[in-house]
Amino acid sequence: MFADRVLSGMRPTGKLHLGHYHGVIKNWITLQNEHECLFMVADWHALTTNYDEVGIIEKSIWDMVIDWLAAGVDPEQATIFIQSKVPQHAELHLALSMVTPLGWLERVPTYKDQIDKLSHKDLTTYGFLGYPLLQAADILIYKSGRVPVGEDQVPHIELTREVARRFNHLYGREPNFEELAKAAVKKMGKAGKEFEQLRVRYLQDGDGEALLKARELLAASQNLGAVDGERLLGYLENKGKIILPEAEALLTAASKMPGLDGQKMSKSYGNTITMREEPAAVTKKIRAMPTDPARVRRTDPGDPAKCPVWQLHQVYTDSATREWVQAGCTSAGIGCLDCKQPVIEGVLKEQQPMFERAQQYLDNPQLVKDIVADGCARAGKIAQDTMREVREAMGLGY
């Protein structure tokens, strides 16, 4: 019943850089204008790999939230909260761990991949094995309909859907489910008759269009409460009550923000520009970037395709500037420092409003704490309602 609700989050493991901005936060700013959005500081998740480096987490939390606000995330439109301040995340994680087969977690592609990449750390912990299930709990506690992820995270959403399906199968069949569902249909008024017809078309003929139309009728009904809506979602497909809806992956384009060395911008590569880096430091970093190795001397022509600076031009300059670079580099008409200057100006122009928005929060840190406290309260209310249903379904409602 919350198909329009979006959940996304980031781990607080250090200062955010422009790769985070272009890869995640710009998308959030668009989404907050189109959907109900919850943006989560995933501090429990930070512990799954940084359990022995906790000193950085608290400062990173507040720096990261300021970066979000500085970039344009609007607390009037989106809910900003801290994962560990909403204890229902951990409670649902524990509840789901009772019914999730171990093999489901072991087959998540990122599990072995991350163990290989982080071989210097001991990741033979339940916390690391179980982090996809905690991620599932993060999504399901808010009954989020959409989760923005890159392609590499799609298996995590599939796991979340499987976990929800198993939970609903085990606990969603109420003793008098059919009677309750039919009573809920009557509450829909005239739309109830159409809903029943569409349900028959779907169940008898496998009519996918009928299924979509019936779901739209449910979403548009003003006479149904959340519980009745969840019952009818299950009734529509001849299942039990849908306690935990299955989320959809909202695929986001991979970040095209290159680092200072031409690789993907990443702290592990040491090639980043932070979102609120001082202008002098930005200038120094870009001026020191490597260029086409063929340009040993100022008079040597170069090839922009072999130069990391050219990749930044794709992000920060217009077509006329890129044509000027292409012509000047290949003819040795401009030097590398000439080529870098428009990029410097583009980065600084992008960062300027971030500095301006951030200043009020730096001057008054209590503003940030109030925003987060309000967001935690809003998120907690939703999470409490979900956990009440989960506890009742699992026989823990006393």
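Guide: Start with exposure. Buried means under 20% relative accessible area, exposed over 50%, and partly exposed in between (1.4 Å probe, protein chains only). This is a predicted model: local features need pLDDT of at least 70, side-chain atom pairs count only at pLDDT 80 or more, and totals for chains, interfaces and linings use all residues. Residues are numbered from 1 along each chain as its sequence is written, and side-chain values use heavy atoms, leaving out hydrogens and water.

Visitor: Why is C336 called partly exposed?

Guide: Its relative accessible area is 23%. That value falls between the 20% and 50% limits, so C336 is partly exposed.

Visitor: What about C376, and is it buried or exposed?

Guide: C376 has 11% relative accessibility, which is under 20%, so it counts as buried. Its sulfur is 17 Å from the closest cysteine sulfur, in C37, too far for a bond. The structure holds 0 disulfides.

Visitor: What makes K121 and E53 a salt bridge?

Guide: A salt bridge is a side-chain nitrogen of Lys or Arg within 4 Å of a carboxyl oxygen of Asp or Glu. For K121 and E53, the closest N and O atoms are 3.2 Å apart, so the pair qualifies. K121 lies in the loop between α6 (109-117) and α7 (126-129), and E53 in the loop between α2 (43-50) and α3 (57-71), so the pair ties together parts 68 residues apart in sequence. Helices (H or I, at least four residues) and strands (E, at least two) are DSSP runs, numbered from the N terminus.

Visitor: Why is K121 called buried, and E53 partly exposed?

Guide: K121 has a relative accessible area of 15%, under the 20% limit, so it is buried. E53 is at 41%, between the limits, so it is partly exposed.

Visitor: How do you know that E248 forms a salt bridge with R161?

Guide: Their closest N and O atoms are 3.4 Å apart, within 4 Å, so the pair counts. E248 is in strand β5 (residues 248-251) and R161 in helix α9 (residues 154-171), 87 residues apart.

Visitor: How many salt bridges does the structure hold?

Guide: The structure holds 25.

Technical notes:
A disulfide is a pair of cysteine sulfur atoms within 2.5 Å.
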